[in-house]
Amino acid sequence: MAKKIFKPLKASEKMNKILKNHYLKAKYLPALGKFFGYKTAWITSGAPVELLRAFGIEPVYPENYGAICGARKVSPSLCQVAENRGYSLDLCSYAKSNLGSIWNPKESPFNGLPRPDLLVVCNNICGTVLKWYETLSREFNIPLFIIDTPFITGEPQPWQIQYVAKQIEKLAIELEKFFRKKLDLNRLEKVILLANETVDLWKGIRNFAKNKPSPVNVTDLFINLGPMVVLRGTEVARDFYEEVYREVEERYKAGIPAVEGEKYRLVWDNIPIWYGLYRFYGYFAERGAVFVTDSYTGGWAVNIKKGPPFYALAETYTGVFLNRDLEFRKNQLQSFIEEFSADGFVMHSNRSCKAYSFVQEEIRRQIMRSSGVPGLIVDADMTDSRLYSEETVLNRVQAFLESL
Amino acid sequence: MYLGVDIGSLTTKVVLIDREKNLIAYSYSKTGPAGKETAERLIQEVLGKVDISRDNIQGIVATGYGRVLFSGKEFSEITCQARGIGHLYPEAKTIIDIGGQDSKVISLGKNGRVLDFAMNDKCAAGTGRFLEVMSQALEVSLEEIGLLAEKSQEAAKISSVCTVFAESEVISNLSRGQSREAVARGICEAVAARTAILAQKVGVVEPVVFTGGVAKNTGVVAALEQKLGVKLIIPEDSTITAALGAALLAAENS
């Protein structure tokens, strides 16, 4: 059964280099640029990073760092560092990996992240980030900038967007004070343009999976997501995804499937099980099951709309799927199933990510009743393997695949 | 002839059927640390019962947690359980199965097809192992828990969340003067409460068949029937139905 059916994209090698460069740069730029007043920012994955980029900052993403800790299987020990200081076992393992890496950098990838000078948080992805970043703000005694997005039930209303746009505008003023320079609006436009070009490529890459057999597995998207997140709005990211696009297109033209002998097409919901990239997802691939699309990496396949930049950013970041109601999430999954001709869906009930996981059981029930497409829920955690019992999980996966 | 081998976390079961899918013989015993040897010994035992040699076996399918130990075809116990019950009770719509470390509820379609299922996750509270620990705390045999429970009108409150904590609750209930009968009944109700949550995930549609070692426990059966408000069908031997399903799959896939 241990056949090597998994064919990672060649671009993954380049991705590794890009990420390594990013973290090296983040580490040494502040030291080198001290005389030029270079600042290091930490930011959440759902915050309007374009603004920081317009100020010439290359911010660091503790969440991406958490994913790296997960894939490198160091999360459990870093989480324990945080737990020893009183943080609960039930707390988000990205947060705990990050906190653990601050208190035990020697055991952490890249010896921990560079010390931040400012923090930017947006609660469109969850409420935990607020408390996490407040802790960081206290720990480093540095300013914390908050963008508060109201939870959207139904469609976002103009007043809700206005509320967020005003905050982004205010953030721009605060950052001008902090960096002691004016916001370059032309540069902001350029960053937004680059972000959109990258998003278009990402969408294109994802859409190839609509073909049968699919030339791309969702694991390819997971593995190559890094630059999309941490280098959003840069030429490096855009150029990288051009390369990924070309590679997937070549696969498609040559009829090369991502999973040999594609038998089942599945949709994935939630953040990946990072420490299971090969064993867990490989189990599916070995049985001819390919993940054609997912809600998680789909979060980065959304363009920033045209129009005044603050309003456009507010509209995009307020509308993210994690900030939407059950109906939105259900319809999104339903359309994934239809557009990608999926035979079933797998939901990762992620102990860390409450906002993502709480509604899954109800979504699963509604979709199974309305469309008859079967869904499986697996209990695990995105990075903390102590919360993952492989035998039990794979047992359910086998039963699910047998029932398709 | 075909063999179905179910190597469970607590018990291993072996079932022999003929070409016409008639049950010919079966055997089971504790799995122990050497699952494969246990299975081999039981196979010999079953073959010995009807005095045939291994050469007469056209196919074997293994299931249960030890299935990977066994070379050859394997299916998950959900598929096997569904197949076995679909064969015994073609009209069945729901299976509730409580084994050694697993409890599961399967929604059945035609011919024993799995429509949906739910299983306990990460925690063995409410399973056979839970009852085993509780019987030790009460110093009675597994079967006696059911008999004790039937004697009591009231039930002690036992949390259904954690086996380890529930054991402490049993002990503190007893020391507070609760009768063993009431505690036994409380234990059965805790198992039923836990199972009902799973059952509601996939929905309970009658007829409902109750399988697994725990289905032999009359106290749990009564508590579960009351909790779910349905009459449970219990196979003659509730422990071997997944192994029977495995044997049927062996016949179909050979």
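Analyst: In chain B, the C-alpha centres of domain 1 and domain 2 lie 25 Å apart. This is a predicted model, where local features need pLDDT of at least 70 and side-chain atom pairs count only at pLDDT 80 or more, while totals for chains, interfaces and linings use all residues. Residues are numbered from 1 along each chain as its sequence is written, and chains are lettered from A and ligands numbered from 1 in the order in which they are written.

Domain 1 of chain B covers 1-89 + 239-253, and domain 2 covers 92-234 (the bounds come from an automatic or database domain assignment). Where the two meet, 15 residues of domain 1 of chain B are in contact with 21 residues of domain 2 of chain B (contact here has C-beta atoms, placed from the backbone, within 7 Å). On the domain 1 side, helix H2 (residues 77-88) of chain B supplies the largest share, eight residues. Helices (H or I, at least four residues) and strands (E, at least two) are DSSP runs, numbered from the N terminus. That domain 1 side splits into five nonpolar, nine polar and one charged residue. For the sorting, Ala, Val, Leu, Ile, Met, Phe, Trp, Tyr, Cys and Pro count as nonpolar, Asp, Glu, Lys and Arg as charged, and the others, Gly among them, as polar.

Now for the neighbouring chain. Twelve residues from chain B and 13 residues from chain A make up the contact between them. H2 of chain B turns up again: H2 and strand S8 (114-119) of chain B are the elements giving two or more residues to the side that touches chain A. S8(B) gives the most, with four residues. This side of chain B has six nonpolar, two polar and four charged residues.

Over in chain A, there's a helix pair to look at. Helix H4 (residues 75-84) and helix H5 (residues 93-103) of chain A pack at an angle of about 75°, with their axes 7 Å apart (axes are lines fitted to C-alpha atoms, for helices over the stretch in contact, and angles run from 0 to 180 degrees between N-to-C directions). H4(A) and H5(A) are therefore roughly perpendicular to each other (65 to 115 degrees counts as that; under 35 is roughly parallel, over 145 roughly antiparallel, and the rest oblique). Among the residues that meet are Leu78(A) and Val81(A) from H4(A), with Leu99(A) and Trp103(A) from H5(A). The contact of H4(A) with H5(A) holds six nonpolar, five polar and one charged residue.
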